[in-house]
Amino acid sequence: MENAGKAMAVQASREIFHRLMSENSSGGWEKSWEAGATPWDLGKPTPVIVNLVETGSLPNGKALVPGCGTGYDVVAMASPDRYVIGLDISKTAVERSSKMFSSLPNAKYFSFLSEDFFTWEPAEKFDLIFDYTFFCAFEPGVRPLWAQRMEKLLKPGGELITLMFPIDERSGGPPYKVSVSEYEKVLIPLGFEAISIVDNELAVGPRMGMEKLGRWKKSGTFHSTL
């Protein structure tokens, strides 16, 4: 009964979210956070990120999580060796994150900003960027711009981690369906090399079988003209 109740709550959240997005696509994300209609929010760090942190498999330095939402992954990744910025266009999401996590022991190793990923100009580039439920938020025609921004924001030799979701045959969105080839099509021409692409065996319940973990290295010789 408890699982059935959770499933019904998630479905109701999805319906509210899609209604808000259809009514106002530009401001729909903010409206969704205001209404608490965030069906993509796991309510905890992404398990595969926790595993990568615990096994010491993430690059150190400066990291970015675009579309961070509540910011669980930002907090999980932050450490004395890794400063993490969580970026979200929703002011409500950022205010919520800042309030929830400001008193944690590692709070000085992360911060949250309400900015537009496509226009934001940070003072420094990043050693690591983690994308989950962000690429899939954009219509396919926007994805080349997503890739251009990733290339611009990463340092030469930096790593982009993409948790690819949803790999299925759904129509419409968000989230819009993705595939490995969709990432390759926009990243490889910009000098990214796929280091590994594997099934995400730590995917949560309903997302199992619909995710792959991609790790991409940015070329140190590619020069953007953007």
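This is a predicted model: local features need pLDDT of at least 70, side-chain atom pairs count only at pLDDT 80 or more; totals for chains, interfaces and linings use all residues.
1. Helix H5 covers residues 91-101, and its buried residues are Ala93, Val94, Ser97 and Phe101. Viewed down the axis of H5, these buried residues fall within an arc of 95°, so they line one face of the helix. Lys91, Glu95 and Lys99 are exposed, on the other side of H5.

2. The N-terminal end of H5 is capped by Ser90, which has a side-chain oxygen 3.3 Å from the backbone nitrogen of Thr92. Ser90 sits in the loop between strand S2 (82-88) and H5. Its relative accessible area is 0%, so Ser90 is buried. With neighbours within four places in sequence left aside, Ser90 is in contact with Glu30, Trp33 and Ser114.

3. Six of the seven residues of S2 are buried, so the strand is largely enclosed by the rest of the structure.

4. S2 pairs with strand S1 (residues 61-66); the two run parallel and are joined by six bridges. In this pairing Gly61 stands opposite Arg82 in S2. Together with helix H4 (residues 72-77), S1 and S2 make a right-handed β-α-β unit.

5. S2 also pairs with strand S3 (residues 110-114), in the parallel sense and over five bridges. Here the bridge partner of Ile85 is Ser111 in S3. A right-handed β-α-β unit is made by S2, H5 and S3.

6. The structure holds 11 salt bridges. One of them joins Glu182 and Arg143, with the closest N and O atoms 3.5 Å apart. Glu182 lies in helix H7 (residues 180-187) and Arg143 in helix H6 (residues 143-153), so the pair ties together parts that are 39 residues apart in sequence.

7. Glu151 counts as buried at 3% relative accessibility, and Lys218 counts as buried at 3%.

8. Arg215 forms a salt bridge with Glu159, and the closest N and O atoms are 2.4 Å apart. Distant parts of the chain are linked here too: Arg215 belongs to strand S7 and Glu159 to strand S5 (residues 154-164), 56 residues apart. Arg215 is buried, with a relative accessible area of 14%. Glu159 counts as buried at 9% relative accessibility.

9. Some salt bridges share partners, and these join Glu121, Arg149 and Lys152 into one network.

Notes: Residues are numbered from 1 along each chain as its sequence is written. Side-chain values use heavy atoms; hydrogens and water are left out. Buried means under 20% relative accessible area, exposed over 50%, partly exposed in between (1.4 Å probe, protein chains only). Helices (H or I, at least four residues) and strands (E, at least two) are DSSP runs, numbered from the N terminus. The arc is that of the directions from the helix axis to the C-beta atoms. A polar contact is a pair of N or O atoms within 3.5 Å; within protein, one must be able to donate a hydrogen and the other to accept it, and residues adjacent in sequence count only if both atoms are side-chain atoms. Contact means heavy atoms within 4.5 Å. Two strands pair if DSSP finds at least two bridges between them. A crossover is right-handed if, with the strands pointing away from the viewer, the path from the first strand over the helix to the second runs clockwise. A salt bridge is a side-chain nitrogen of Lys or Arg within 4 Å of a carboxyl oxygen of Asp or Glu.
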